[in-house]
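User: I would like to go through this model with you, one topic at a time. Please have a look at it first.

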Amino acid sequence: MGLEVTNSLLINNRTLDRSPNPANHKGGTVLNASGYFWLTSSTISQSSSKIGGALFLGAGSKTHINGVTIVGSKSFPGAAAIDAVDYQYVQISNSILADNRMNCGPTVDFYEYTGGPGQGINLSDDESCDFKTEGSLYGVDPMLGPLANNGGPTRTYALLPGSPAIDVSPQKYCGWTDQRGFYGGVVEGVRSRAADGNGDGIVLCDLGAYEVMPSDGMLYLPITIRP
Ligand SMILES: [Ca+2]
Ligand SMILES: [Ca+2]
């Protein structure tokens, strides 16, 4: 039993905070009580709950998060983006947590990434997370654009030019596509979202659900031919 969510926008979800049942107060978007949960190339926006505004991970649950952007989560009194009980299994890579009341609860114990060469680093705009991946960014503004139609079937937070999340993942392979379904090329027969987002000729993965493509932000002007 498990839940797999990919290439999706999960927005404005909240729990029943006035319910007399405390089980209804955790995990505004997903409460993973004890199952498997994979979340890839997706965005969680404006989620709220008393505890675990976006995600709450229960004891014995197994959660894998890759290429995800979590923004604008609210909670009180717990952490907003990700909260959990002790001893759960949660692995996070190539992801952005920003503009949440607090990104990680004090009992969120990230599992060290051991899935091959390079580790999937993450970016948190506060100091609340312990990602266990060397090179992760803390207290850094990811420079996100507004939630908007940037191509593909769902809205995304684009990385603005100069964002510290562009071309920083040391991981060789970070997924097939970004949330939009866009990809940079084919590497050794496998489609990869990685694209050269800063124009320096070196192809690296971005953090979060949105991969900057070389064609993003180009302005096509109509040609006017004068006699
Ligand atoms: Ca580059
Ligand atoms: Ca890139």
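User: Which residue is the bridge partner of Leu-57 in E9?
Analyst: The bridge partner of Leu-57 in E9 is Ala-84. Strands (E, at least two residues) and helices (H or I, at least four) are DSSP runs numbered from the N terminus. Please note that this is a predicted model, in which local features need pLDDT of at least 70, side-chain atom pairs count only at pLDDT 80 or more, and totals for chains, interfaces and linings use all residues. Residues are numbered from 1 along each chain as its sequence is written, while chains are lettered from A and ligands numbered from 1 in the order in which they are written.

User: How many bridges join E6 to E9, and do they run parallel or antiparallel?
Analyst: Strand E6 (residues 55–57) is joined to E9 by 3 bridges, and the two run parallel. Two strands count as paired if DSSP finds at least two bridges between them.

User: What is the strand order of the sheet with E9?
Analyst: The order is E3-E6-E9, an open sheet of 3 strands with parallel pairing. Strand E3 (30–32) and E9 stand at the edges with a single partner strand each, so one side of each has no neighbour in the sheet. The twist averages 15° from one strand to the next, where axes are lines fitted to C-alpha atoms (for helices over the stretch in contact) and angles run from 0 to 180 degrees between N-to-C directions.

User: Now the start of the chain. How many residues of E1 are buried?
Analyst: The count is 0 among the 5 residues of strand E1 (residues 2–6), which is hardly covered. A residue is buried if 20 or more other C-beta atoms lie within 10 Å of its own, exposed if 12 or fewer, and partly exposed in between, with C-beta atoms placed from the backbone.

User: Which strand is joined to E1?
Analyst: Strand E4 (residues 36–45) is joined to E1 by 5 bridges, and they run parallel. Within this pairing, Leu-3 stands opposite Phe-37 in E4.

User: Changing topic: which residues have the most contacts inside the largest nonpolar core?
Analyst: They are Ala-54, Ile-70, Ala-81, Ile-82 and Leu-159, in a core of 47 residues. Such a core is a set of buried Ala, Val, Leu, Ile, Met, Phe, Trp, Tyr and Cys residues joined through C-beta atoms within 7 Å. Elements that give two or more residues to this core include E3, E4, E6 and E9. The largest share, 4 residues, comes from E7.

User: What is Leu-159 in contact with?
Analyst: Leaving aside neighbours within four places in sequence, Leu-159 is in contact with Met-143, Leu-144, Ala-165, Ile-166, Asp-206, Gly-208, Tyr-210 and Val-212. Contact requires that the C-beta atoms of two residues, placed from the backbone, lie within 7 Å. Leu-144 also stands opposite Leu-159 in E15, and 3 bridges join strand E14 (residues 144–148) to E15 in an antiparallel arrangement.

User: Are the faces of E15 covered or uncovered?
Analyst: Both faces are covered: Thr-156 and Ala-158 on one side, and Tyr-157 and Leu-159 on the other, are all buried. Tyr-157 counts as buried because it has 26 C-beta neighbours inside 10 Å. Tyr-157 and Leu-147 lie 10 residues apart in sequence and 4.7 Å apart in space, C-alpha to C-alpha.

User: Which peptide bond is cis?
Analyst: The bond from Phe-76 to Pro-77 is cis, with omega near 10°. Pro-77 is found in the loop between strand E8 (74–75) and strand E9 (82–84). Most peptide bonds are trans, and most residues other than glycine have a negative phi.

User: And what is the phi of Asn-94?
Analyst: The phi of Asn-94 is positive, about 55°, although this residue is not a glycine. Asn-94 lies in the loop between strand E10 (89–93) and strand E11 (96–98), and is buried, with 31 other C-beta atoms within 10 Å. Asp-99 likewise has a positive phi, near 60°, and is buried with 20 other C-beta atoms within 10 Å.

User: Finally, how many helices and strands does the protein have?
Analyst: The protein has 0 helices and 17 strands. Buried residues make up 49% of its 227 residues.
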